[in-house]
Amino acid sequence: MESIKLIPLEEELKRNPELNLSDIKSLREWLNKQPHLPPMTDSELALFLHSNYYRLEPTKSTIDTFYSVRTHVPEFFDSRDPLNDPGLEQIMKVVLNMPLERSTKDGYRVIYGALQDFDASHYDYTLNMKLFAMVMDLWLYTEGTTKGQVIIIDLKGLVMGHLAHFSPMALKKFLYYLQEGLPVRLKGFHFFNTNPVMDLLMNIMRPFMKKELLDVLHLHQKVEGIEAFNIPVDILPNESGGKAGPQRELFAIEADKLRQHRDWFLQDEKTKRVDESKRPGKAKSANDLFGVEGSFKKLEID
């Protein structure tokens, strides 16, 4: 079993001339006054600072949100054992989420998602997001800062039956985390092989999306649509029209990485969470972050 090897701060300083030690020191002093937050390394602070374009106050907010969501959304962030969780084993047969080896023409790194099993009765949105979060954690912590990130989703196989496995609240929680908590510079969010089912899904998602996310979200009927955004189709797996290799083989490598880092995921769950009893001021709850779950009607699909 391996622990995640963070990019050393010295390397991050070389990569990012705008990153400076005085900001890291300032964040460290702030963190020391936040007893509810877990300990963080300088490399982690650099990752969050970079994602916020070196603005201190937004960085503090992102850090607090990152750990708060992970604490208050157990369905996405608890029981993340890649070797002994039946749910994770099942969802890894149904979907795949993985970083691609090659970048876009603009130098942005890509995370790719797709269905492997098109049977809608096998799909579980919550487990999909748990897997996505694990892949994203491993990717961010081992790669460190990058020029930007792009998410690309192949919707091949999406049918009306899949909609029954989404709830507005679950979508709201993920989109909140993506927009407010993840230390990424999201440069694009692309869906291709779209169909009328995605239009229905967008109607549910749109109220939870800020203008900044809507501005980088693009729907394409065909994969070639991504090329207008300096994303070569060749970087995708073969099944999506690319030349990166068979997606099952590529995802098998990513799944092995998750299993090799089992100890890190288990330790993260124990130590990288918020202690609300120590939060200065009023403790936060899931309702404070997301509103009352009962205010949403469950999706009913005929």
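## Aromatic core

At 1% relative accessibility, phenylalanine 77 counts as buried (buried is under 20% relative accessible area, exposed over 50%, partly exposed in between; 1.4 Å probe, protein chains only). This is a predicted model: local features need pLDDT of at least 70, side-chain atom pairs count only at pLDDT 80 or more, and totals for chains, interfaces and linings use all residues. Residues are numbered from 1 along each chain as its sequence is written, and side-chain values use heavy atoms, with hydrogens and water left out.

The structure contains 13 aromatic pairs (ring centres of Phe, Tyr or the six-membered ring of Trp within 6.5 Å; planes under 30 degrees apart are stacked, over 60 edge-to-face, the rest tilted). One of them joins phenylalanine 76 and tyrosine 125: the ring centres are 6.5 Å apart and the planes stand at 75°, so the pair is edge-to-face. This pair links distant parts of the chain. Phenylalanine 76 belongs to helix α5 (residues 74-77), tyrosine 125 to helix α7 (residues 125-143), and 49 residues separate them. Helices (H or I, at least four residues) and strands (E, at least two) are DSSP runs, numbered from the N terminus. Phenylalanine 76 is buried, at 3% relative accessible area. Tyrosine 125 is buried too, at 4%.

## A second ring pair and the cluster

How do the rings of phenylalanine 77 and tyrosine 177 pair? Edge-to-face, with 5.0 Å from centre to centre and 65° between the planes. Phenylalanine 77 lies in helix α5 and tyrosine 177 in helix α9 (residues 168-181), so this pair ties together parts that are 100 residues apart in sequence. Tyrosine 177 is buried, with a relative accessible area of 4%.

Ring pairs connect Phe48, Phe66, Tyr67, Phe76, Phe77, Tyr123, Tyr125, Phe166 and Tyr177.

## A charge over a ring

Arginine 185 places its charged end over the ring of tyrosine 53, 3.8 Å from the ring centre. The test asks for NZ of Lys or CZ of Arg within 6 Å of the ring centre and within 35 degrees of the ring normal.

## Largest pocket

The largest pocket has a volume of about 540 Å³. Its lining counts 19 residues. Closest to the centre are Ser51, Leu178, Gln179, Val184 and Glu212. By class, the lining has eight nonpolar, five polar and six charged residues (Ala, Val, Leu, Ile, Met, Phe, Trp, Tyr, Cys and Pro are nonpolar; Asp, Glu, Lys and Arg charged; the others, Gly among them, polar).

A pocket is an open set of points on a 1 Å grid over the protein atoms alone, where a 1.4 Å probe fits, with protein on both sides within 12 Å along at least five of seven lines; lining residues have an atom within 4 Å of a point. Points join across faces, edges and corners, and the volume is the space filled by probe spheres set on them.

## Second largest pocket

The second largest pocket has a volume of about 440 Å³. Its lining holds 18 residues, with Pro99, Leu100, Glu101, Glu254 and Lys257 nearest the centre. β1 (95-99), α7 and α12 (247-260) each supply at least two of the lining residues. Which element gives the most? Helix α7 does, with five residues. The lining of this second pocket has ten nonpolar, two polar and six charged residues.

## Salt bridges

The whole structure has 21 salt bridges (a side-chain nitrogen of Lys or Arg within 4 Å of a carboxyl oxygen of Asp or Glu). One of them joins arginine 15 and glutamate 12, whose closest N and O atoms are 3.9 Å apart. Both residues lie in helix α1 (residues 9-15), three residues apart, about one turn of the helix. Arginine 15 is partly exposed at 34% relative accessible area, whereas glutamate 12 is buried at 2%.

Glutamate 57 and lysine 60 meet at 3.0 Å, N to O. They are three residues apart in helix α4, so about one helical turn separates them. Glutamate 57 is exposed at 52% relative accessibility, but lysine 60 is buried at 16%. Lysine 278 bridges to aspartate 275, with 4.0 Å between the closest N and O atoms. Lysine 278 is partly exposed at 49%, and aspartate 275 is partly exposed at 30%. Salt bridges also link Arg70, Arg80, Asp137, Asp268 and Arg273 into a network.
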